[in-house]
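User: I would like to learn how to read a model like this one, feature by feature. Please give the general idea each time, then the case at hand.

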Amino acid sequence: MAQPHVVTVILNTNRRDDTLACLASLRAATYTNHSIIVLDNASTDGSPQAIHATHPHVQVLALSENNGYAGNNNVGIAAALAQGADWVFVLNEDTIVAPTCIAELIAAAERGPRIAVVGPLVFHHDEPQLIQSAGGRMGRDWSAWHIAQNEAFHGQFVSPTPVDWISGCAILVHRAAIEQVGMLDERFFYYWEETEWCLRIQRAGWQVVHVPTAQIWHKGVQRDYRPKPSVAYYDTRNHLLMMAKHRAPLQAWLQSGGRRLRTLLSYSLRPQWRHKRAHRDAMWFGARDFCAATGVRGRSKCVFSSCQPGAPTLPIMARSNASFICCAASVRVISWMLFALTQRAMQRRLPQRSATSVPMCSCYQRRPLPRVRLRVWLAC
């Protein structure tokens with residue numbers, strides 16, 4: 001039986017050295033029926049020339065505009081399908097692939113007729129025995145997390161296991177599933193796009209499987225990874241978009257809203273989180289952009305300072321300094337209301353003194369009520 005044709009799609013943006021290292025690892029792959037497409041996103045570091053010189057067998061496609069992880073990779077996915085790919089392997093440029101990775105993924109995928117998405121065991125590149133992702137799970141509030149993230153690998157994962165989603169740094173998808181449910185949703189730009197893709201594929205009756213014998217090493221996210229405010233923006237907006245698109249239950253909306261409100265209050269009130277004010281504002285922008293959208297009929301440009309250039313958002317009302325002030329002020333209003341209610345409740349609990357009681361000294365009368373910190377609500 002002939003091997004299925006696998007086309008690897010790699011997106012490169014001024015990451016020449018990382019892309020060349022990734023291509024070198026793919027060149028050592030034991031899987032033979034394999035071709036590679038590199039999408040170059042207007043790189044100025046000589047990436048296309050270097051790829052042509054060192055890997056002449058690799059096809060390089062120049063992108064005319066930046067549509068983020070989702071939109072850019074869709075160009076490569078469409079090209080791979082046009083070239084007759086049976087499986088499309090979407091791979092980050094900052095990864096190193098084990099020689100047997102693709103072969104192990106295909107072997108696991110061919111075991112079941114309804115397996116449409118498979119992914120490898122992802123390790124941190126700077127700590128090669130530390131797991132970055134062993135697939136992903138989703139909670140009742142539709143939050144998502146990586147299985148065994150930052151755990152040391154000691155052989156705890158042996159056989160292929162069904163999961164909820166696969167990390168977007170290396171995800172192999174079957175042609176039939178792509179033709180049935182479509183490619184990545186370009187409205188997400190980046191963040192949550194692979195999770196939504198896996199969810200959409202699963203709801204169409206396909207399976208998502210993690211394959212621990214297939215292994216890669218990812219440079220992009222270290223153990224002490226600290227996301228930028230732009231990540232907080234897209235995380236908030238796109239999570240809400242995914243929940244709305246797939247009609248999440250009311251319980252999930254309430255739990256997710258409570259979790260995000262707690263984070264917003266923590267970033268606003270607690271002194272140790274003062275350095276997160278930019279992330280707080282980004283979360284407000286993300287929530288506002290989602291709530292203000294009445295439909296996805298066009299694009300507007302994200303002018304939040306930390307967003308990717310040219311990043312599309314949902315249709316929103318025009319940003320202005322006044323709206324920014326309103327977003328920031330709303331946090332303070334909610335905080336003041338909670339504090340005032342807490343103080344009133346405490347005041348009611350103070351012992352009541354009659355007119356015949358020993359009068360209190362002025363210093364006691366003017367002493368402020370003790371400030372109660374909402375440790376449970378604001379704990380992060």
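User: What average pLDDT does the protein chain have, and what share of the residues score at least 70?

Analyst: pLDDT is the predictor's confidence in each residue, from 0 to 100. The protein chain averages 82, and 77% of the residues score at least 70. Over residues 294–333 the pLDDT is below 50, yet this stretch has 83 contacts in the model beyond near neighbours in sequence, a contact being heavy atoms within 4.5 Å. Residues 349–380 also have a pLDDT below 50, with 27 contacts beyond near neighbours in sequence. Where pLDDT is low, the predicted coordinates should not be read in detail.

As this is a predicted model, local features need pLDDT of at least 70 and side-chain atom pairs count only at pLDDT 80 or more, while totals for chains, interfaces and linings use all residues. Residues are numbered from 1 along each chain as its sequence is written, and side-chain values use heavy atoms, leaving out hydrogens and water.

User: How many helices and strands does the protein chain have?

Analyst: Helices (H or I, at least four residues) and strands (E, at least two) are DSSP runs, numbered from the N terminus. By that count the protein chain has twelve helices and 14 strands. Among contacts between residues at least 6 apart in sequence, 74% join residues at least 24 apart.

User: What percentage of the residues of the protein chain count as buried?

Analyst: Buried means under 20% relative accessible area, exposed over 50%, and partly exposed in between (1.4 Å probe, protein chains only). Of the 380 residues, 48% count as buried.

User: What does the search of the whole structure find in the way of cavities?

Analyst: Rolling a probe the size of a water molecule over the atoms shows where empty space is left. On a 1 Å grid over the protein atoms alone, a cavity is a set of points where a 1.4 Å probe fits but cannot get out, and lining residues have an atom within 4 Å of a point. Grid points are joined across faces, edges and corners, and the volume is the space filled by probe spheres set on the points. Here the search finds one cavity of 30 Å³ or more, and the largest cavity holds about 30 Å³ of space.

User: Which residues line the largest cavity?

Analyst: The lining consists of Pro120, Val122, Ser133, Gly135, Ile166, Ser167, Ala170 and His210. It divides into four nonpolar, four polar and no charged residues. In this scheme Ala, Val, Leu, Ile, Met, Phe, Trp, Tyr, Cys and Pro count as nonpolar, Asp, Glu, Lys and Arg as charged, and the others, Gly among them, as polar.

User: Is histidine 210 buried or exposed?

Analyst: Histidine 210 is buried because its relative accessibility is 2%. This residue is part of strand S12 (residues 207–218). Not counting residues up to four places away in sequence, histidine 210 touches a set of residues including Gly119, Leu121, Ser159 and Thr161. A polar atom of its side chain lies 3.5 Å from the backbone oxygen of proline 120.

User: What is the phi of alanine 42, and of phenylalanine 189?

Analyst: Most residues other than glycine have a negative phi, and most peptide bonds are trans. Alanine 42 has a positive phi near 55°, and phenylalanine 189 one of about 60°. Alanine 42 sits in the loop between strand S2 (34–40) and helix H2 (47–54); with a relative accessible area of 55%, alanine 42 is exposed. Phenylalanine 189 occupies the loop between helix H5 (175–181) and helix H6 (193–203), and at 1% relative accessibility phenylalanine 189 is buried.

User: Which side chain does the side chain of tyrosine 190 make a polar contact with?

Analyst: A polar contact is a pair of N or O atoms within 3.5 Å; within protein, one must be able to donate a hydrogen and the other to accept it, and residues adjacent in sequence count only if both atoms are side-chain atoms. The side chain of tyrosine 190 makes such a contact with the side chain of serine 230, at 3.4 Å. Tyrosine 190 lies in the loop between H5 and H6 and is buried, with a relative accessible area of 17%.

User: Which residues is glutamine 255 in contact with, leaving aside its neighbours within four places in sequence?

Analyst: Glutamine 255 is in contact with Arg140 and Asp141. Glutamine 255 and arginine 140 are 115 residues apart in sequence, with 8.1 Å between their C-alpha atoms. Glutamine 255 belongs to helix H8 and is partly exposed at 33% relative accessibility.

How values were computed: On a 1 Å grid over the protein atoms alone, a cavity is a set of points where a 1.4 Å probe fits but cannot get out, and a pocket is an open set with protein on both sides within 12 Å along at least five of seven lines; lining residues have an atom within 4 Å of a point.
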